[in-house]
Amino acid sequence: MTLLDVVNLHTHFISRDIDNQVRTAKALNGVSFSLASGRILGIVGETGAGKSLTAQSIIGLLRPPARIVGGSITFEGRELTTMPDAELNKIRGEEIAMVVQNPRTSLDPLTRVGDQLVRLHQVHRGGPKEASHKRAIEMMEAVGIPDPKSRARSWPHELSGGMAQRVLLAMALMNAPKLLIADEPTTGLDVTVQAQILDLLRDLVARFNMATMIITHDLGVVAHFCDEIAVMFGGCIVESGPVRDVFAAPAHPYTRKLVAATPERFRMGSAKSLSGQPPDLYNLPDGCVLQSRCAHATDLCKTPVPNIEVAASHFSLCHYAGKLDANPAGQVQA
Amino acid sequence: MTLQRFLLRRALMVIPLMIGVVFITFMLVRVGGLDPVGRLAGPTATQAEFDSIRENLGLDRPLWEQFGIYLGNVVRGDLGESWLSNRPVLTDIKERAIISLELLALGVGIGTLIGVPVGLRAAFRPNGRFDQLTRILSLLGFSIPTYWLGLVMIFVFFYLLGWAPPAIGRMSLLVSPPDTITGSYLIDGLLTANWQAAWSAATQLVLPVICLAIVSAAPILKQTRAIAIEVLASDTVRYAHACGLPEHIVRRVVLRNSAVPVLTFVGTEVTGLVGTMSLIEYVFAWGGLGQYGLNAIISGDFTAVQGYVLALALFSVLVFIAIDIVVHLIEPRSELS
Amino acid sequence: MAKTTPTYPTQTQPFSARQRVSNRLIGLFRISPTAVIGLLIILFFGVLALFSPWIMPHDPVSSYTDRVLQAPSAEHWFGTDGNGMDVFSRVIYGAKYGFGIAIPAVLLSLIIGVPVGLIAGYRGGLLDEVLMRFFDGLRVFPSIILALAVVAATGQSLLNVVLVLGVLDSPVFARVVRAEVLALRSSNFVESAVAAGNPTWRILFVHLLPNAIQGAMAQTAVRAAWAVRISATLAFLGVGVQAPTPEWGAMIRQGAEFMVSGQWWVALYPGLALICMVFGLNLFGDGLQDLMDPRRRAAK
């Protein structure tokens, strides 16, 4: 059952420069995907591809000058793009929960950890404080925090990175969310800790039947923990599908380069940043966003690009999807 | 770290600072070759009398020796004698300190009570109409000369409207001051149930306090706004929004996270505001430490200037330390357990 | 379905020179109206200062002994003061003192403060520690009192005022520049400059200076405002400038005694002029910060 449906999402940064000219950075260009309960989707891409922006667009936390200019986002049938902020605020933190990148700076430094969990529960669910407190301890146990009763009295700055990330997970789970969005949940953590957190995450997803979106630039994370993958570049999803299929047979030149750049059988933490200029979002070319960096590019690529289904549920945004090997194979462009 | 160790560490840091401050004060009055001997000797003194006075004051010794002597005197509480008042400088200062403190506390207190809430409100709706207005007003507050403001207020409220009493000090000439307990006419009047004195003191206080409040509100407002805006853009607040926390709770988070930086700022502002207060005292003939000091500087009363500047510096240091301690007590992130 | 893309007029032909200039002005104004208005105010006073001989209706220092303390009238727009001098002309002439003191004082602060900040930030170590402790030590003294004490001690001339203000304000610039240098010290281009064997002075002034100076430049307008204010305060206290010089602070001093006898114009107008000029400088300085902050540019 589809929980989240993003259709043709366009998000732009619209501002005026010093010469009073309007400049538009087209950061998201027709992003579409859907997510069902109990499924884990991994969104990969280099910095600036639009991954975090997609998450922000979904929960309505875009900061000016960014705003959604087209498309729709439906959550359980409800349209999120036109929902007033007050209503969205009720969904955030309850039905849709977010785990962010910097756990130690994101937690309120002036409130004890346990109190923050209780506060989050009280705000959305109300009820007696003891019940919230009990649930807070339960969630801390669920995320593997040892000795939760005394940990609940710690201040955020007393926690290690891994522990703080677990706390964020506990925060996310407090109100039994249906959708969990994790934005770079393991960046900056030790590799062993990363694996623990992700194992935990997968376990929790299975237990609570949540739909989960993991945003990362690390292919290894996606390879080990996700069911589906969406590869982003220049604000578009260039390839999407079941993880195994996409890695076994990448059908888009960009995905191919990504996969080729991670030869160690998708070891986690070995995320290589692809060389090449990021696309200029203020002046995107007509047609395919990858034109200037793609070895296979032809004149056809200057026309609007179709999203071709190369295999079951496996899509590629390329004129030559599925026919790449017929083109003269080029070197990966530096 | 326990409280005692913390205080001890702070005290240890203060001592070199104070020695440095005494040194700067010492050098300050000797910078331009201000010659105290000429003043004391008078126009008819002979060379021999000049020399003997110079020897008396110790000015014939090398500079570093003079400093040593001065430092020793300061530690013992001997700040010399003012040639204007012919009394020990320390006595002069002790009498007047409470007077200025009263004005400072009221003025800066009210200024903070205005500046902080307005700055916070402006930060919650940046670039809105309220914000634009308060930015202009606060920049205006930075630009108005305090003494001129005092003069204009005297003109409007005393001369034109007759609401305020004449600006000739802390008490009307027709009322006799209350018995001295604290030194503050207002407090002493209230404590001794001398309602006439208390009322007179209060009405005299109104204009100078408003003056000081306006001028101190400006920087506090501006800085509070800047701090609050930074907090609003922080990871903490972004995450609070992502958790769906309602507006009033986010507001509380912002307030609490802004408290320490704002408090620290007000502490540092007090130093500058002491200078401003001195000007207000001058205009309103207040008779406090500020006016004493300004007069001393203008008339070249060497020892009085030294004592005055030292007293101001000491006050600033005490304020810094007090704020430091308070911050460490309320911040969970401090080294204090 | 969500909102649709807003459409903006698209440019088909390149702009003419006039259009480019007006676009730039409008763009600057949108981002920071305060900077533009502040600059206009400063320019206004600059014009007053430069063209005063042609603007003043009367000689600022000649007194009409038969017209002492006259209220504002058609002949004397701002009235006359206790010596029978025309207040309006004196106020206009006084603009010269504002610039004449502030500009050299700020320049002096830069000349002292920037190299000190560069060296302290780059070298670090004991020199840096001592300097910073010294500057911190200065902060416990109210700046007005400090300026007053030093000027009173060193002699009452305009030159002294400029020198003292210049020296006293240099720690501000030193601190700003030092902070930038500390941040840049370990950056790539500095390290490669060191590796290439550049002598220290070259690294400081050719490599670090252009980058570190931005913060300092942003402060100049605000420090100029401070210099104008303090010099007027000193003059009000009778230090540094003597009557009958038509300096605004000195004029307020003259007018103070008349405030309680109803001749409000003598002190009011110079004060208003002072407020406007300092306000303009503060506005401009504040607006400069807006220009440097990219977050303010969301288009409506």
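**How the terms apply in this predicted model**

Visitor: What makes C:Ala152 buried rather than exposed?

Guide: This is a predicted model, and C:Ala152 has 26 other C-beta atoms within 10 Å. A residue is called buried if 20 or more lie within that distance, so with 26 C:Ala152 is buried.

Visitor: Where does C:Ala152 sit, and which residues does C:Ala152 touch?

Guide: C:Ala152 belongs to helix 5 of chain C, residues 143–154. Leaving aside residues up to four places away in sequence, C:Ala152 touches C:Val239 in its own chain, along with B:Ile297, B:Ile298 and B:Gly300 of chain B. A contact here asks for C-beta atoms within 7 Å. By contrast, C:Leu209 is 57 residues from C:Ala152 in sequence and 35 Å away in space, C-alpha to C-alpha.

Visitor: How many residues take part where chain B meets chain C, and what gives the most on the side of chain B?

Guide: Chain B brings 40 residues to the contact and chain C brings 38. Several helices of chain B give two or more residues, among them helix 1 (3–30), helix 11 (247–283) and helix 12 (289–299). Helix 7 of chain B gives the most, with eight residues. By class, that side of chain B holds 30 nonpolar and 10 polar residues, and no charged ones.

Visitor: Turning to chain A, what makes strand 2 and strand 5 edge strands?

Guide: Four strands of chain A form an open sheet in the order 2-1-4-5, with antiparallel pairing. Strand 2 (22–36) and strand 5 (78–79) each pair on one side only, and they are the edge strands.

Visitor: How do you know that strand 1 and strand 4 of chain A pair?

Guide: Pairing needs at least two bridges. Eight bridges join strand 1 (residues 2–16) to strand 4 (residues 66–75) of chain A, so these antiparallel strands pair.

Visitor: Which strands does helix 1 of chain A lie across?

Guide: Helix 1 (residues 51–59) of chain A lies across strand 1, strand 2 and strand 4, at about 75° to strand 2.

Visitor: And what are the domains of chain A?

Guide: The domain assignment gives domain 1 (2–95 + 177–317) and domain 2 (104–176). Their centres, taken over C-alpha atoms, are 29 Å apart. The contact between them takes 13 residues from domain 1 and 12 residues from domain 2. On the side of domain 1, helix 8 (residues 191–208) has the largest share, five residues.

Note on methods
Residues numbered from 1 in each chain as written. Chains lettered and ligands numbered in written order. Predicted model: local features only at pLDDT ≥ 70, side-chain atom pairs only at ≥ 80, totals over all residues. Contact = placed C-beta atoms within 7 Å. Nonpolar A, V, L, I, M, F, W, Y, C, P; charged D, E, K, R; others polar. Buried ≥ 20, exposed ≤ 12 C-beta atoms within 10 Å, placed from the backbone. Domains from an automatic or database assignment. Axes fitted to C-alpha atoms, helices over the stretch in contact; angles between N-to-C directions.
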